[in-house]
Amino acid sequence: MGKLIILDHPLIQHKLTYIRDENTGTKQFRELVNEVSMLMGFEITRNLPLKEIEVNTPVTNCRAQVLTGKKIGLIPILRAGLGMVDGMLQLLPAARVGHIGLYRDPETFMPVEYYIKLPSDISERLLIVLDPMLATGGSANDAIESLKKRGAKSIKLMCLVAAPEGVKVIQENHPDVDIYICSLDESLNEKGYIVPGLGDAGDRLFGTK
């Protein structure tokens, strides 16, 4: 079964509190999501492979480590996942960005795919799926299925907050996918929203209703 990694770093938890706060406006909300995404990026890239090279310092030459150049793809689920891309790109400027467009049917809560555009070599990349909220798990599950159907072999899921119901769906359907979150929240309400959650991340990011 894929691992569930809860990132409890004090800076992440501090910023997450203000992301949750209903009084946080669109500008600050967007900035906080960007900052937390970058902080999460440190953890999700912890095991990237390294190699030794020789460099000359102002004092002498030495052996030092650099990334091997493993290819990475960032896959935001539209539209809320877009808010997490810039923070990750600050750490991984060479990463390619694909997009999966999904919306949740308000009656059935099931995801409907309306757009997908991916790098051509996803089978060679570590793909990081980005979505602020893992609620029912439907959208993330559908996105991961779409990636696997197109040849993806290495996938991680990165969300700010998650409900136990969504975590269970991903772990049961995709035991090879690790899930990185900042908080495992209590539950889902009758509307399919995470409790206590942070509201509708897309609306709060883009100032819509």
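Which residues of the largest nonpolar core touch the most other members? In this predicted model, they are Ile 19, Met 40, Ile 128 and Leu 160, out of 35 residues in that core.

View 1. The most is given by H2, with six residues. Apart from this core lies another, of 22 residues, including Ile 100, Leu 127, Ala 162 and Val 167.

**View 2. Contacts of Met 40.** Leaving aside residues up to four places away in sequence, Met 40 touches Leu 7 and Ile 12, then Met 158, Cys 159 and Leu 160, and also Tyr 180, Ile 181 and Cys 182.

**View 3. The annotated binding site.** An unreviewed UniProt entry places the feature "binding site" at Ile 194, Gly 199, Asp 200 and Ala 201. From this set, Ile 194, Asp 200 and Ala 201 belong to the lining of the largest pocket.

**View 4. Surroundings of Ile 194.** Ile 194 sits in strand E15 (residues 194-195) and is buried, its relative accessible area being 7%. Beyond residues up to four places away in sequence, Ile 194 has contacts with Met 133, Leu 134, Ala 135, Val 161, Ala 162, Ala 163, Asp 185, Ser 187 and Leu 188.

**View 5. Surroundings of Ala 201.** Ala 201 is part of helix H6 (residues 201-206). Its relative accessible area is 1%, so Ala 201 counts as buried. With residues up to four places away in sequence not counted, Ala 201 touches Phe 29, Ala 80, Pro 132 and Met 133.

Conventions:
Residues are numbered from 1 along each chain as its sequence is written. This is a predicted model: local features need pLDDT of at least 70, side-chain atom pairs count only at pLDDT 80 or more; totals for chains, interfaces and linings use all residues. Side-chain values use heavy atoms; hydrogens and water are left out. UniProt positions are given in the numbering used here, feature names are shortened, and annotations may be inferred rather than shown by experiment. On a 1 Å grid over the protein atoms alone, a cavity is a set of points where a 1.4 Å probe fits but cannot get out, and a pocket is an open set with protein on both sides within 12 Å along at least five of seven lines; lining residues have an atom within 4 Å of a point. Helices (H or I, at least four residues) and strands (E, at least two) are DSSP runs, numbered from the N terminus. Buried means under 20% relative accessible area, exposed over 50%, partly exposed in between (1.4 Å probe, protein chains only). Contact means heavy atoms within 4.5 Å. A nonpolar core is a set of buried Ala, Val, Leu, Ile, Met, Phe, Trp, Tyr and Cys residues joined through side-chain atoms within 4.5 Å.
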